[in-house]
Amino acid sequence: MLRNGAAKASPSPAGGSAAAHRPVRVWCDGCYDMVHYGHSNQLRQARAMGDYLIVGVHTDEEIAKHKGPPVFTQEERYKMVQAIKWVDEIAAQAPYVTTLETLDKYNCDFCVHGNDITLTVDGKDTYEEVKAAGRYRECNRTQGVSTTDLVGRMLLMTKAHHSNIDEDLDYRKHKDNFGKGPKGHSPWTGVSQFLQTSQKIIQFASGKEPQPGDTIIYVAGAFDLFHIGHVDFLEKVHLLAERPYIIAGLHFDQEVNRYKGKNYPIMNIHERTLSVLACRYVSEVVIGAPYAVTADLLDHFKVELVCHGLTEVVPDKDGSDPYQEPKRRGIFRLVDSGSNLTTDLIVQRIIKNRLEFEARNQKKEAKELAVLEAMKKMEEKEHETGLQS
């Protein structure tokens, strides 16, 4: 599948100068299960290394064999990755082990992966072959987020991950223990704190102002655990205008917790901001938008259309309709995303498979620790050899 109208690079004629201008084609692959801003950041960095990014997504069968049960189906995962704005093309059913044959099939110069490690079911590095051939590049893994941590937040039902709450004992214990094997803690599967910076927001933001002729559309919500339901909704909103400029208003954690309850949102405001900014349909994000869509907000952003999905709209604190102003102006529209997936349903999937997920994380951690131990021994051996020579 080609995205953004980009064309496949054709080999330049022998002796021609076109070779210097041939687009650099980059390959990334992965499970991309429960896609979060860490995945998006990897793809952003990979795209910056070349001109055209192809992302291979593994099948449910391959993931189940090497890691354990995926949360999302492969069709859902294909669609999620395709919605990330730095992705030019999706390669469905990509093999779990990255080979030179795959890179050549898609005419890719090299593949990019984060500076963690990916292992097969029998503990082998999945990038061994491309590393040996010099067709492997590395980018920095995003600190402070992992699927492991997000699953833990769902299961714990505490609110300690919210941006305004001091960490509680249960969450600290989770960060210390979740996915931790009996022999220690892997730096790749472990949980660390996410620290938002202005630089990170700049890297994710498009930086484009609305232009004359653009239709400014406003949508608001939690956009928690940014998922297919959100993507389907935003895609439908995007189709409402010839030149849409979509502004997404994200509510603060306290506000989301007021209308969603339990331990929602699972992702705090900083994390949700990056997840939404990574979506190709979104032009701008309002961080901490007011729950009621006010006249001031509509006038400030020159909003021409306000959209909401078919999910329930909880009244504001004073019992009023948060959309009464856009309705009064005649610019409010309900949009059917065609998807019934909600954050609640994702959490239910996780809880249903809780034991399998916990076992999966412990197995993954054990394999990573074994590799760390082997690397340490190799370094010690090299050091001893160096001393003897």
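Two residues are in contact when they have heavy atoms within 4.5 Å of each other. Keep that in mind as we walk through this predicted model, in which local features need pLDDT of at least 70 and side-chain atom pairs count only at pLDDT 80 or more, while totals for chains, interfaces and linings use all residues. Residues are numbered from 1 along each chain as its sequence is written, and side-chain values use heavy atoms, with hydrogens and water left out.

Let's start at Val55. Leaving aside neighbours within four places in sequence, Val55 is in contact with Cys28, Tyr32, Leu43, Val81, Val87, Glu89, Ile90 and Ala91. Val55 also belongs to the largest nonpolar core, which has 63 residues. A nonpolar core is a set of buried Ala, Val, Leu, Ile, Met, Phe, Trp, Tyr and Cys residues joined through side-chain atoms within 4.5 Å; buried means under 20% relative accessible area, with a 1.4 Å probe and protein chains only. In soluble globular proteins, nonpolar side chains tend to be buried together. The members that touch the most others are Met34, Leu43, Val55, Val81, Val219 and Leu234. Helix H9 (residues 228-238) gives the most to this core, with five residues. Apart from this core lies another, of 14 residues, including Ile216 and Tyr323.

Now look at H9 itself. Helices are DSSP runs (H or I, at least four residues), as are strands (E, at least two), and both are numbered from the N terminus. Eight of the eleven residues of H9 are buried, so this helix is largely enclosed by the rest of the structure. Among the buried ones are Ile228, Phe233, Leu234 and Val237. Their cover includes helix H3 (74-82), strand E6 (215-221) and helix H14 (343-352).

On a 1 Å grid over the protein atoms alone, a cavity is a set of points where a 1.4 Å probe fits but cannot get out, and its lining residues have an atom within 4 Å of a point. Points are joined across faces, edges and corners, and the volume is the space filled by probe spheres set on them.

The largest cavity has a volume of about 80 Å³. Its lining includes His36, Tyr37, Phe226 and Ser275. The second largest cavity holds about 60 Å³, and Met34, Leu150 and Ile346 are among the residues that line it. Domain 1 (25-139) and domain 2 (198-334), with bounds from an automatic or database domain assignment, both give residues to this second lining, so the second largest cavity lies between them.

Key. Buried means under 20% relative accessible area, exposed over 50%, partly exposed in between (1.4 Å probe, protein chains only). On a 1 Å grid over the protein atoms alone, a cavity is a set of points where a 1.4 Å probe fits but cannot get out, and a pocket is an open set with protein on both sides within 12 Å along at least five of seven lines; lining residues have an atom within 4 Å of a point.
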